[in-house]
Amino acid sequence: MVDFYRSRKKRNFENKEASGPDYGKERPAKRYMPTQDVKKSKQILSCQPRKYTTSLAIPSSIIDSAPTIEMKTILAGQIARALVIFAVDEIVVYEDKVQTTQSKINPNLFLARVFQYMETPQYLRKQLVPISPDLKFAGLLPPLDVPHHPGMEEITNYREGVTLDKTGETDSTLVDIGLFRRARIDRAVQPGVRVTVELSEPISAADTRKGQKPIAAKVVSPKVPREKNGLYWGYNIRLASSFSRVMTECPYEDGYDYSIGVSDRDGEDMYQCDIENKIKPFEHLLVAFGGPVGGLQEAIEADQDLKVGGEDAAELFDLFIDPNAKSGTRTVRLEESMMMVMSVLKPIIMNKGKQ
């Protein structure tokens, strides 16, 4: 009897008939975004210019529920996707428990590294994100697909870049901005610094070629694309050693002018408390979430800098809500609670945020 597998013709690209319907030497090596998709993405990403910000605070113990580093990585990726879906400008990771010396992974640093890796544009990760065991399974992470992660054919006015080695000039610096040509800024900056640049002319990577002269650009603040063009420009990452430092170490001059606590204990029913009329106009909003077991009460109880106990957690916030009051489960995981709460808050944030 003839071996069936040995009798089959070898499938390769030299044998067109045996290679199946996918055969074709003319097919491109890379798939670029069609023109109509580029136009659609511009419509989706175009928003009103805004000056208000939204910050989220989450406990580092969230990854304790994931038993392996692969699952911890996937969980962190889900949280990062939720941040960009709801255009969160700052993510604060705070310690809500005393870390044991036996733990192989520092949860604060683990989350910060994964969030940093995902927020950094792909063409800058090799230069800006250090190699770490925490990123061993970074290949499992989904792309954020945000405005400062442009595609090959996407025409942009602003881009993220990293400064290159000095070329002997004292009044300018070359910047790698993910194009086939460099950008030149009108100031001297040390190598390896991440910068946001505004280009002298809108351009896409597909329109550039190697060997072209550097394009003129100027360094701007990372908040300029948001305040001037309404573009969501990623999130900042901040670590806090306790819950109280989430508020006391706020990067904004006047702090958060409105704060919301989220807990499945002692909070008002999110769906029946007339939340839209309770939230006042704000410039900097903070939404704080608690851990998977003890919630915000446990984090506040463990904070030695706070004079209030866990039972008085609601006194620290302008609004204290419970998203789990009417659900069909006893507990809601943090990544689920984020989606539930932010889905309700998103239209309110857009209406109450001060432009």
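# A guided walk through the chain

Guide: Welcome! The chain has 10 helices and 12 strands. Please keep in mind that this is a predicted model.

Visitor: How much of the chain counts as buried?

Guide: Of its 355 residues, 46% count as buried. The chain exposes about 20100 Å², and carbon and sulfur atoms supply 50% of that. As for contacts between residues at least 6 apart in sequence, 74% join residues at least 24 apart.

Visitor: What makes a set of residues a nonpolar core?

Guide: The members must be buried residues of nonpolar kinds, such as Phe, Tyr or Ile, joined through side-chain atoms within 4.5 Å. The largest core here holds 51 residues, and Phe 115 and Tyr 235 touch the most other members. Among the elements giving two or more residues to this core are strand E1 (53-59), helix H3 (69-85), strand E2 (90-94), helix H4 (107-119) and helix H10 (334-352). Another core, of 17 residues, lies apart from it and includes Ala 240, Cys 250, Leu 296 and Phe 320. In soluble globular proteins, nonpolar side chains tend to be buried together.

Visitor: Which residues is Phe 115 in contact with, leaving aside its neighbours within four places in sequence?

Guide: Phe 115 is in contact with Ile 58, Ala 76, Ile 79, Ala 80, Ile 91, Val 93, Tyr 235 and Ile 237.

Visitor: What is the order of strands in the open sheet of seven?

Guide: The order is E8-E2-E1-E11-E9-E12-E10, with parallel pairing.

Visitor: Why do strand E8 (236-240) and strand E10 (268-269) stand at the edges?

Guide: Each has a single partner strand, so one side of each is left without a neighbour in the sheet.

Visitor: How do you know that E2 and E8 pair?

Guide: Pairing takes at least two bridges between two strands. E2 and E8 have five bridges, in the parallel sense, so they meet that cut-off. Ile 91 stands opposite Ile 237 in E8. Helix H4 lies across E1, E2 and E8, and runs at about 175 degrees to E8.

Visitor: Which strands run antiparallel to E6?

Guide: Strand E3 (residues 156-163) is joined to strand E6 (residues 194-203) by six bridges, and the two run antiparallel. Here Thr 156 stands opposite Ile 203 in E6. E6 is also joined to strand E7 (residues 215-220), by four bridges and again antiparallel. In that pair Glu 198 stands opposite Lys 218 in E7.

Visitor: Where is the kink in H10?

Guide: The kink, of about 40 degrees, lies at Leu 345, shortly before the proline Pro 347. Leu 345 is one of the buried residues of H10, along with others including Met 338, Val 341 and Ile 349. What covers the buried residues of H10 includes E1, H3, E9, helix H8 (275-278), E11 and E12.

Visitor: Why is Arg 181 called buried?

Guide: The cut-off for buried is under 20% relative accessible area. Arg 181 has 15%, so it is buried. Its place is in the loop between strand E4 (173-176) and strand E5 (183-185). Not counting residues up to four places away in sequence, Arg 181 touches Ile 203, Thr 208, Arg 209, Gln 212, Lys 213, Pro 214 and Ile 215. Arg 181 and Lys 210 are 29 residues apart in sequence and 5.8 Å apart in space, C-alpha to C-alpha.

Visitor: How do you know whether Ile 63 is buried or exposed?

Guide: Its relative accessible area is 1%, so Ile 63 is buried, the cut-off being under 20%. Ile 63 is in the loop between E1 and H3. Beyond residues up to four places away in sequence, Ile 63 touches Lys 72, Leu 75, Pro 107, Phe 110 and Leu 111.

Visitor: What is the phi of Ala 87?

Guide: Ala 87 has a positive phi of about 55 degrees although it is not a glycine. Most residues other than glycine have a negative phi. Ala 87 is in the loop between H3 and E2, and counts as buried at 15% relative accessibility.

Visitor: Why is Asp 145 called exposed?

Guide: Exposed means over 50% relative accessible area. Asp 145 has 57%, so it is exposed. Asp 145 lies in the loop between helix H5 (125-128) and E3, and its phi, near 55 degrees, is a positive value in a residue other than glycine.

Methods. Residues are numbered from 1 along each chain as its sequence is written. This is a predicted model: local features need pLDDT of at least 70, side-chain atom pairs count only at pLDDT 80 or more; totals for chains, interfaces and linings use all residues. Side-chain values use heavy atoms; hydrogens and water are left out. Buried means under 20% relative accessible area, exposed over 50%, partly exposed in between (1.4 Å probe, protein chains only). Contact means heavy atoms within 4.5 Å. Accessible areas come from the Shrake-Rupley method with a 1.4 Å probe; for residues, only the protein chains shown count as cover. Axes are lines fitted to C-alpha atoms, for helices over the stretch in contact, and angles run from 0 to 180 degrees between N-to-C directions. The bend at a residue is the angle between axes fitted to the seven residues ending there and the seven starting there.
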